[in-house]
Structure formats: structure tokens, C-alpha cells
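Here's a quick tour of a protein model, starting with its pocket. Have a look at the picture before reading on.

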Amino acid sequence: MDEKWINNSVELTGVLGGRPVVSHMSRDEVYYIFPLCIHRLSGASDTINIMARRSLMEQVTPRAASKITVRGELRSFNNKTGRGNRLIITVFARTISLAEGEDANQVTLHGVLCKPPNLRRTPMGREICDLMLAISRRYGRSDYLPCIAWGQNAVEASAWPVGTGLEVTGRIQSRKYIKLENGISVEKTAFEVSVITLHLTEEK
């Protein structure tokens, strides 16, 4: 099995939330980006940005409001333009297919902690731990992916040092927040993996 599928695997099923638009070109290949809207059981929804090659889009040609399944990898990009979020999170699509049935949001990651965990509590007293996981990619590259653990998982993870190897399963969530920029309140969206299970591994 290819390393990318071992370290970083995402499967999403949801509704196309907007028309695909050209993102960039690399090695003579055009890449598109589009939003995928995925409903939670709670009734809330997450909107995840999907990146895909034009050749892949042409195989499916999804239209607005189409339900599709995307399989691929969770990717990060360090935005140095000074505009928008500093850390850009997208799903890089390997396959896209038309779908039916319930929405799905499943992520499996294998990596290492690259920052000290940050344990905090909600106003209601529930423990939350912020984790930053480094996931190896080919050619010496890595993705840096924010994760949030809850409850007992949060308490246990808060004691782990940088370099700890982890296997994480969960779902990608989008979260709105307000940030002051030059005295102006600006709404932004953060993306992170909401952790369901955490397991220590031997990876360093």
C-alpha cells in the first residue's frame, strides 16, 4: 500500500456546496477547489474545501447540489500572503464519485506531536486539548494538522511530549470565530480534526 494511504486517509460524503473554480496550475496540471458540505448528526454542518486535478473532475463532472464521495488526504499549506488564515487546510482528492445515502466524515492520521499539547477547559468545565500533528509526505514534505481531543482523551494527551507518535481517528470540523484585524472584527473559519480515538505508536 502507498505510504500516503497509510499515514493520511480521508473519506467524505456530502453535497457540493459551490461551483468548482480554478485554484492553481502545477506541472502542466490544472487544479480546482470547491466546498463540500457535510451534515453532522446534531444537525450542524461542516464545509470542507476540496482540491482536485482537472482530469479527476472531468471523470465525474459533479453539478451544484450533487452528493459525492471524496477519498484522499488532509493537507496543510502555510499561507504567507498575509491575507486569510495563516494555515490553509484542504482535502486533496484522490478519487471522486457520485454518491447516495448518509453523509460521512472519516479521517485516520499517523504522525508525531510537533508542538506541546495545550490543555484547556470550556466554560462548562469540559477538558479540551489542542494538538498539532506532523504527518510525513513524500519527498521530505510534511503536513501540519491541528487536532482537538476531548474529555479523558484530552487529559491523557496533555501529558505527552513533542515527538510522541500517534494514530488518530476522527472527523474534520469547520469552526467560525472572530478575529480583530486593525481594530475591525473579521469572521474567519478554522479547520481541525475532532478526535474520536487516540493510540500511541512507535513512530518518531
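## What lines the pocket

The lining of the largest pocket is made of 10 nonpolar, 8 polar and 13 charged residues. Here Ala, Val, Leu, Ile, Met, Phe, Trp, Tyr, Cys and Pro count as nonpolar, Asp, Glu, Lys and Arg as charged, and the others, Gly among them, as polar. Of the 31 lining residues, His24, Arg75, Phe92, Arg137 and Arg141 lie nearest the centre of the pocket.

A pocket, on a 1 Å grid over the protein atoms alone, is an open set of points where a 1.4 Å probe fits, with protein on both sides within 12 Å along at least five of seven lines; lining residues have an atom within 4 Å of a point.

## About the model

This is a predicted model: local features need pLDDT of at least 70, side-chain atom pairs count only at pLDDT 80 or more, and totals for chains, interfaces and linings use all residues. Residues are numbered from 1 along each chain as its sequence is written, and side-chain values use heavy atoms, with hydrogens and water left out.

## Rings and a charge

Searching the whole structure turns up 1 aromatic pair (ring centres within 6.5 Å; planes under 30 degrees apart are stacked, over 60 edge-to-face, the rest tilted). That's Tyr31 with Phe92, a tilted pair at 6.3 Å centre to centre and 40° between the planes.

Terms used. Phe/Tyr/Trp six-rings, centres within 6.5 Å; stacked < 30°, edge-to-face > 60°.
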